[in-house]
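Please look over the sequence and the structure shown below before reading on. The report after them is written for someone meeting this structure for the first time.

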Amino acid sequence: MTGLIAFREIVLKVHSRCDLACDHCYVYEHADQSWRARPKVISPEVISRTASRLAEHARDHALPSVTVILHGGEPLLAGTARLRLVCEEFSRALTGIAALDLRIHTNGLQLSTRYLDLFAEFGVRVGISLDGDRAANDRHRRFADGRTSHPLVLAAVALLRSAPYRHLYQGLLCTVDVANDPVAVLDALVELEPPRVDFLLPHATWETPPVRPDDAPDAYARWLLRIFDHWERLGRPVPVRLFESVLSTLGGGPSLTESLGLAPTDLVVVETDGTLEQVDSLKSAFEGAAATGFNVFDHAFDRVAAHPGVRARQLGLAGVSDSCRRCPVVRSCGGGLYTHRYRDRNGFDNPSVYCTDLRELVDGVEGRTAPRETAPQLSDPAELARSQEELTRILLARLNADLTGDPDWAHAWDLVAAVERAGQAGADALDAVLDHPFTRTWVLAALDAVRDGLPGGAEAARRLTALAAAAVLRGGLDLPAEVAYRDGEVYLPTLGLLRLGEPGTEGLASLHVTDDGYVARDGRSEHRFGPAAGDARWQPVRTWSPGPDAAPVALEDLDPYRNCFPRPPRLRLGAGESEEWRGRLDRAWALLHKAVPGFARAAAAGLTTLTPLAGGPRAGGWGEAGRHGPGALGVPYAAGVRETALALLTGRRRTRLRALTEVTDLYALDGEWQHRSPWRSRPVPVSRLLADVHERVAVEAYRRATAGPEPGGADRIHEALDRLSTAAELTVTGKRLVAELRYELKAVDA
């Protein structure tokens, strides 16, 4: 069967009865009472067959690991002999196929060293249900005769926390009751030092809604946010999965719990008689809600994976109600737990019965954490530059790992290491060449070659050697720098192109620093070159300054890796062409500073390299961002002054947004999220809509100052910003960027 999502987790019911009488238990107190007709204890035959089915499923789907959760009822009532059989059978069946993660969820009342010694033998991790302090726990978790269970649970946790067994301690599960004191509940749980705490909303549906004091629609959100605030004040002393899931999704990451988010379910339940069922909480909806009609004796797990009820919980955004799909927090809440959406008249096609709570919870967590969760790169250009520098070095380190063993590469890498060890001058010089935008282009191309199995070691080593040699010359270092030239020439990044022979010739040359420049020796001759050499065989990288106080910008028309833009670069400009282009750039920059001074200053920040591109401006006059590091921009050489100004403005907006997306999460693209665009005939992903708005705010400002506003231009930008403001896939940082764009447009409208 195609399109199936494999089960990576099974809940194995090893005992169907319990030694407590919790009045909020979905197994015994809610709609489905099928437990009454099932065996109390799982049989050896069911254990063996389930283990075989899971091994078959793991093998067929090439699963690296699977999780088996021993559950009930109360699983410890099965006894150590039956639990040992479970551990042995599953360990045997999965050996050589997939790693086995064994867990047990218990109320802890029966926990003793006999069980824990068994669990230590098989690595079974233990989660315990506890609703907080004694007052909170006694509200629901009592024996049938009304006696408290709290002291026995605390004794079980103390034993689990003791030295021989501490590594088995998985965490505590707490069912929320808004009648309890949230601060006291958290303090009681934290005191037990759990590796993790799970807060669970009590199972409810639209037909059997949760208890709400004073009918408050947000009672559970307010209770959980009081927990969150106290958790924050304590310095987040233990992980709380509910909160960490919300924080993860707000930052563009995945959901961390089944009860929130849009991640597809990958869990199946095996009852004590071998019946295969959907997620257990469905028993709260109606009799038979979890049933599939399958069992481990007659059916493979793939049959369950194809069941309509299971598939319905694997549809992501398409699987939630229409109102949920239009909600800006749907990535975080995911429409809530599937069970909690049930209503008699239309099944599960509803928001969660906790909808208001979930919206307020997500908004509350975001409001409390947004300032510190926003990526600093958004507002701090220096931090963005540092992050980009680190990214280049990470990619270079990955390339080094891929090319370990290549002798040419190893030699070049040794030279780079020698430059880095040569004091501050060496480190600064190496930073200058590594931060050259086309260094990123080269590294990415080399990584592509390695990934595609192409013999790229020699070519990668040639460029790395040239980088190291350029750093030696820039830093004035007394280090041997031998470079290979091909077709008679070698390019030294950030410095220029050196011709050492006739076209078609190859060889090696050693480069050295002299009092008045540089010298290259190839064993037969010596050639002096550099800034003052005045030799036609040396073509330096030209520069241009965008203003009296601005750093020089390289006019890069030599680097072979500059061919990374959507259109091809110009060949080396002649002297007259270069001066003409400089003049055009001067006039374009002056126009920008006069028309949109704020945008012009932002465009100048971080600009290090301009590359002349072939042809004239495209429709709209956009500048070109390519596959390179930050600071580079491609500008059509044949563009006029006004078009060049617009290309500088829009191109820098593009490169800034690209740089941000490379080192921060502005949005998550984990589903078929599409948005209507005022400028395009078809819906687009949020990345495209955000990029359009990011450019067009600046364009609108420029046009108003130079040629008058485009009819309806600002209205379309406002429309797009409104759509972005409700885009569920935007992260906290992405929302902050949209707010900045709205502020920029407001300034333009003023």
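This is a predicted model: local features need pLDDT of at least 70, side-chain atom pairs count only at pLDDT 80 or more; totals for chains, interfaces and linings use all residues.

The model contains an open sheet of nine strands with mixed pairing, and the strands are arranged in the order β6-β5-β4-β3-β2-β1-β7-β8-β9. The edges are taken by β6 (197-200) and β9 (291-295), each of which has a single partner strand, so one side of each is left without a neighbour in the sheet. From one strand to the next, the twist averages 25°.

Helix α7 (residues 182-190) packs on this sheet, where it touches β5 (169-175) and β6, and its direction makes about 150° with that of β6.

## Strand β7 and its neighbours

Strand β7 (residues 267-270) pairs with strand β1 (residues 9-13) in the parallel sense over four bridges. Within this pairing, Val11 stands opposite Val269 of β7, and Leu12 stands opposite Val270. Toward strand β8 (residues 275-277), by contrast, β7 runs antiparallel, and two bridges join these strands; here the bridge partner of Val270 is Leu276. The strands β7 and β8 form a hairpin with four residues between them, and Gly274 in the turn has a positive phi of about 90°.

In a regular strand the side chains alternate between the two faces of the sheet.

## Helices α20 and α22

The axes of helix α20 (residues 575-595) and helix α22 (residues 641-663) come within 8 Å and cross at roughly 70°, and the two helices are therefore roughly perpendicular to each other. The crossing in which α20 passes α22 is right-handed.

On the α20 side, the contact is made by Arg584, Leu585, Arg587, Ala588, Trp589, Leu591 and Leu592, while α22 contributes Val641, Arg642, Thr644, Ala645, Leu648 and Leu649. These contact residues divide into nine nonpolar, one polar and three charged.

## Helices α16 and α17

Helix α16 (residues 407-420) and helix α17 (residues 423-434) have axes that come within 7 Å and cross at roughly 125°, which makes α16 oblique to α17. The residues in contact are Val416, Val419 and Glu420 of α16, together with Gly423, Gly426, Ala427 and Leu430 of α17. Sorted by class, this contact has four nonpolar, two polar and one charged residues.

Conventions:
Residues are numbered from 1 along each chain as its sequence is written. Side-chain values use heavy atoms; hydrogens and water are left out. Axes are lines fitted to C-alpha atoms, for helices over the stretch in contact, and angles run from 0 to 180 degrees between N-to-C directions. Angles under 35 degrees count as roughly parallel, over 145 as roughly antiparallel, 65 to 115 as roughly perpendicular and the rest as oblique. A crossing is left-handed if the near helix is turned anticlockwise from the far one by less than a right angle, and right-handed if clockwise. Contact means heavy atoms within 4.5 Å. Ala, Val, Leu, Ile, Met, Phe, Trp, Tyr, Cys and Pro count as nonpolar, Asp, Glu, Lys and Arg as charged, and the others, Gly among them, as polar. Two strands pair if DSSP finds at least two bridges between them.
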